[in-house]
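Hi,

Here is the structure I promised to pass on. Have a look at it first, then read my notes below.

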Amino acid sequence: MTILFTHQSCLLHEVAAGHPENPSRLKVLEALFANDTFKELERRDAPLGTVDQIALMHSEQYIEKIVKAVPDNELLYLDADTSLSHGSSEAAMRGCGSVCAAIDALMTENAKNAFCAVRPPGHHAETEKAMGFCLFNNAAIGAAYAREKFKVDRVAVVDFDVHHGNGTQEMFWSQPNLLYASTHQMPLFPGTGAVSEVGEHNNVINAPLSAGSGSSEFRTAFNEIIFPSLRKFSPDLLIISAGFDAHADDPLANLNLYEDDFSWITLELLAIAEKYSDGRLVSVLEGGYNLEALSSSVSVHVRELMSV
């Protein structure tokens, strides 16, 4: 069984006109999941994440700062790309709550995997810093939650967003039981993700790709660098930071992946989850800013999740 977690409140995180990370991203996914292809999906509302859950990776002072800063009307800019609106706090907390609820379902029910269609995204959010459209780091919080609540020993986050997940890397850097593995375009925002960035316990695996790279380079990076490290780590739970902005049609970067590539990586990660973590896998939406490409890429991704 595959569970879809989402919530209407995630539409209420408003941004300035023309901002790529806008509510239309979830609206196209709502339309996608209304298709009969996805009628077998188990659909659940993303619950609000709790301060205790979020504080597993962010300081309580930072959480309080974000919540208190939420404006009544106008947008409040945290940096040039990242802003708060009246609905931002609830949207971000439901993003965290979705991943924690997905882990609850995988650990206590017969669910195999889950997809969290939430926004704002999370992988750029650091312990004490919002950036890159991100407020709270959903994937990293989920990893810490699985270890805290269910005593899961080893958790891996695999990130194929076109931008490097500097926040997840920062949070995992000194944690030997957490692995972060990423393909991403480099050079590109946020400027991190070099091969030399390996973490204190060789638990950070970066496989940067040059602008213009496509399917061959992407699959080689996984086959030769990331998959061997994942198998050696043998995760008890696998979390995907599922960004689809490496698609050739995405406006924010210059990689040339297509739907077949997202289908392939999903199947490969499902096979690793099946071998090492009893199939347990949680995927959480990160980037993807061409609406048509986002919809078609998420479609193949979730169809593969449903296939096991």
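**What I found**

At 18% relative accessibility, S234 counts as buried (buried means under 20% relative accessible area, exposed over 50%, and partly exposed in between, using a 1.4 Å probe and protein chains only). S234 sits in the loop between α7 and β9 (237–242). The helix and strand names come from DSSP runs, numbered from the N terminus: helices are H or I with at least four residues, strands are E with at least two.

Before you go on, keep in mind that this is a predicted model, where local features need pLDDT of at least 70, side-chain atom pairs count only at pLDDT 80 or more, and totals for chains, interfaces and linings use all residues. Residues are numbered from 1 along each chain as its sequence is written, and side-chain values use heavy atoms, with hydrogens and water left out.

Most residues other than glycine have a negative phi, and most peptide bonds are trans. S234 has a positive phi of about 45° although it is not a glycine. N202 is another non-glycine residue with a positive phi, near 50°. You'll find N202 in the loop between β7 and β8, and it is exposed, with a relative accessible area of 57%.

That loop between β7 (178–185) and β8 (204–209) also holds P187, and the peptide bond from M186 to P187 is cis, with omega near 5°. P190 is found in the loop between β7 and β8 too, and a cis peptide bond with omega of about 5° joins F189 to P190.

**Helices side by side**

Two packed helices are described by the angle between their axes and the distance between the axes. Here the axes are lines fitted to C-alpha atoms, for helices over the stretch in contact, and angles run from 0 to 180 degrees between N-to-C directions.

Start with helix α7 (residues 215–233) and α8: they pack at an angle of about 10°, with their axes 11 Å apart. That makes α7 roughly parallel to α8 (angles under 35 degrees count as roughly parallel, over 145 as roughly antiparallel, 65 to 115 as roughly perpendicular and the rest as oblique). Among the residues that make the contact are F218, F222 and F227 of α7 and W264, I265 and Y276 of α8; contact means heavy atoms within 4.5 Å. The contact of α7 with α8 divides into nine nonpolar, two polar and five charged residues.

On to the next pair. Helix α8 (residues 259–276) and helix α9 (residues 291–306) pack at an angle of about 30°, with their axes 9 Å apart. That makes α8 roughly parallel to α9. On the α8 side, the residues that meet α9 include F262, T266 and L270, and on the α9 side they include A293, V300 and L305. In the contact of α8 with α9 there are six nonpolar, five polar and two charged residues.

Is Y276 buried, exposed or partly exposed? At 22% relative accessibility, Y276 counts as partly exposed. Y276 is in helix α8 and touches R231, S234, P235 and D236, not counting residues up to four places away in sequence.

**Aromatic rings**

A pair of aromatic rings is described by the distance of the centres and the angle of the planes. Rings of Phe, Tyr and Trp (its six-membered ring) pair if their centres lie within 6.5 Å; planes under 30 degrees apart count as stacked, over 60 as edge-to-face and the rest as tilted. By this rule the count comes to 13 aromatic pairs.

The rings of Y62 and F136 have centres 6.1 Å apart and planes at 80°, so this pair is edge-to-face. Y62 lies in helix α3 (residues 60–69) and F136 in the loop between β5 (113–116) and α5 (138–150), so the pair ties together parts that are 74 residues apart in sequence. Both Y62 and F136 are buried.

F133 and Y289 form another edge-to-face pair, 5.8 Å centre to centre with 85° between the planes. Finally, ring pairs link F218, F222, F227 and W264 into a cluster.

Enjoy exploring!

Notes. Ala, Val, Leu, Ile, Met, Phe, Trp, Tyr, Cys and Pro count as nonpolar, Asp, Glu, Lys and Arg as charged, and the others, Gly among them, as polar.
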